[in-house]
Every structure is written in C-alpha cells, then in structure tokens.
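Subject: Structure to look at

Hi,

Here is the structure I promised to pass on. Have a look at it first, then read on for what turned up.

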Amino acid sequence: MRCPHCDTIFEAYHAGSVRANRCPQCHALLFKNNDVHFLSYDEAAQIADDNISVILNKRLYLCPNCSSVMEKNELGYHCPHCGGQLTSSGLLMADKKKRIEELQEERPGFTFGQLRGTVIVASVAMLFFVNYIILSRLSTRSTVNTEASSIVESVHVQRQNGGDILVLFTTQDSYRSKLLVEEQKQQTYFTISDTPQLAHMVSIPYNLREARMTIILIDQEGAEARSDTMSVQELLSAEGQ
Ligand SMILES: [Zn+2]
Ligand SMILES: [Zn+2]
C-alpha cells in the first residue's frame, strides 16, 4: 500500500491491538477501520514518537485502501467508504491531548483514589437495590439443602479507603449469613445479616488479610451450610489488590 501523500510504500506499525501504516519518507500515518479512535495516548505516542509531522496540503487524497476520495477532518483526511484515516504525528497527538483535556474538564480534580471509593459506593448501593427489588417479590424462602459454595455467587473482596477489607457476595435465594475468619487457630465470627438477604456485605479488619474465610448461610429453620474455605489474600490478589 502506498502513501497517498508521497507515493512511498507504507511500513506497518503495531501499538496495542491497533495496526497503523507509517510512511518511511514523509511520516504520514494511515489507520484502517476507524482504529485511530481506539488508540490510547501512550499508544499514539509510540507510533508518532519521532515528532516528524507531515503537512497534508494536497488538494486531493485517494484512500490507499479502497481508492475513494478522502474527506478532510480534524485528524487529516478520512475515508467515508472504509473508515481509513490519514493523519500526521502532530495532528494525531494534538487530538489525543485534546481528548485527555476534555476528560479532565468533565471531572475536575478527579483522582484514582476517589474512583475506587465511587466504585465501592456504587457496588454497595447496587447490592442493596437488587436485594430490595428481589426480596419485595419473594414470598417463599427455600431451605439450605445444598452446600453453601454452590449457592454463594460472585464473591468480591475489596480494600476500602479506610484500610478495612470489604467482602461482598450474592446468593441465589435469601439467607441470613455470617463469616467465619480463621487465622492460626483463632476463629472470629462476623455477623453479615440477621435478616434473609440476597446480597451480603461485611467489613473485616485489614490485619486479617492472611486469614482464611468461610461463608455460612442460615435458612429460616436455622440450618447452616458452609462454603469452601477461601484465602482472603488470594481473593485480594485475584482482584488486583
Ligand atoms: Zn509519504
Ligand atoms: Zn477507503
């Protein structure tokens, strides 16, 4: 495929999952299928890193991919037929910078720490909402007749801003629940919910991160079922914490 600016044969570059063509002569860049919009700032910088920016000043550019007449846009020239985008290092980086600035304007002073807090608050709110919706429809509650592991769903463990570890999980039916935390033969029980719930949440101190935990579900007759024992540390690392 040839560069529509200077007719030199393009060279292929990869950044993340995106493939780009760069002209070794004038350094024009060509992306296919609107891929340019999926590039992160860092990926774009890898492709545009030489800071040589072609000025796309020809009157007519034909798409090197499908030969359609390309249309001018803020990145250079765009092919309305195949989504190809002809651009330069300068135009590409200016566009990515602009997008980052737009995001920052939308959320001034936004930090990663706040994001974590927001995610936790949102997931807790969602759990309570789901609980409310489903409980309000349920009139009968089934008994615990299988091992708790098969009824416990999506166990999430998250470190909170304050340092404690938040344990969240859901169950297919409503149960009362508690958490058994064992560390070096020392057993601690944490009550999770005294009323039957579908969504369960409890906070345990961070110094119990090396402990093992077991979820205990209690049905309305008081029968208990236990989940498999899980390592708190392993669950934390599985969530990248
Ligand atoms: Zn070229
Ligand atoms: Zn095209």
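E1 and E2 run antiparallel and are joined by 5 bridges. To find one of the partners, look at histidine 14, which is bridged to arginine 19 in E2. The two strands make a hairpin with 2 residues between them, and glycine 16 in that turn has a positive phi of about 60 degrees. E1 is hardly covered: of its 5 residues, the count that are buried is 0.

Before going further, please keep in mind that this is a predicted model. The mean pLDDT of the protein is 82, and 83% of its residues reach 70 or more. Watch out for residues 138–146, though, where the pLDDT is below 50; this stretch still has 15 contacts in the model beyond near neighbours in sequence. Where pLDDT is low, the predicted coordinates should not be read in detail.

Now the overall picture. The protein has 5 helices and 12 strands. Of its 241 residues, 26% count as buried. If you take the contacts between residues at least 6 apart in sequence, 54% of them join residues at least 24 apart.

Back to the strands you just met. Which sheet do they belong to? E1 and E2 sit in an open sheet of 6 strands, in the order E1-E2-E3-E6-E5-E4, with antiparallel pairing. Its edge strands are E1 (11–15) and E4 (71–73), each pairing on one side only. From one strand to the next, the twist averages 30 degrees. Further along the sheet, E5 (residues 76–78) and E6 (residues 85–87) run antiparallel and are joined by 2 bridges. There, tyrosine 77 has leucine 86 in E6 as its bridge partner.

Next, what is tucked inside? In soluble globular proteins, nonpolar side chains tend to be buried together. Here, the largest nonpolar core has 22 residues, and the members touching the most others are Ala20, Ala28, Leu29, Leu30, Met70 and Leu86. Strand E2 (18–22), strand E3 (29–31), helix H1 (41–47) and helix H2 (89–106) each give two or more residues to this core. E3 gives the most, with 3 residues. Another core, of 17 residues, lies apart from the largest one and has Ile151, Val181, Ile192 and Val202 among its members.

E7 (residues 152–159) and E8 (residues 165–183) pair in the antiparallel sense over 6 bridges, and valine 157 has valine 167 in E8 as its partner. Their hairpin has 5 residues between the strands, and glycine 163 takes a positive phi near 110 degrees there. E8 is also joined to E9 (residues 186–204) by 14 bridges, again antiparallel. Leucine 168 stands opposite methionine 201 in E9. The hairpin of E8 and E9 has 2 residues between the strands, with glutamine 184 at a positive phi near 45 degrees. E8 has 7 bridges to E10 (residues 212–218) as well, and these two run antiparallel; in that pairing, glutamate 182 is the partner of arginine 212.

Most residues other than glycine have a negative phi. Asparagine 33, in the loop between E3 and H1, has a positive phi near 50 degrees instead. Asparagine 34 is found in that loop as well, and its phi is positive, near 60 degrees.

Last stop: arginine 2, in the segment before E1. Arginine 2 has 13 C-beta neighbours inside 10 Å, so this residue counts as partly exposed. Apart from neighbours within four places in sequence, arginine 2 is in contact with Asp7, Thr8, Ile9, Phe10 and Pro64. Asparagine 65 is 63 residues away from arginine 2 in sequence, yet their C-alpha atoms are 9.0 Å apart in space.

Definitions and conventions:
Residues numbered from 1 in each chain as written. Chains lettered and ligands numbered in written order. Predicted model: local features only at pLDDT ≥ 70, side-chain atom pairs only at ≥ 80, totals over all residues. Core = buried A, V, L, I, M, F, W, Y, C linked by C-beta atoms within 7 Å. Buried ≥ 20, exposed ≤ 12 C-beta atoms within 10 Å, placed from the backbone. Helix = DSSP H or I, 4+ residues; strand = E, 2+ residues; numbered from the N terminus. Pairing = 2+ DSSP bridges. Axes fitted to C-alpha atoms, helices over the stretch in contact; angles between N-to-C directions. Contact = placed C-beta atoms within 7 Å. pLDDT = per-residue confidence, 0-100.
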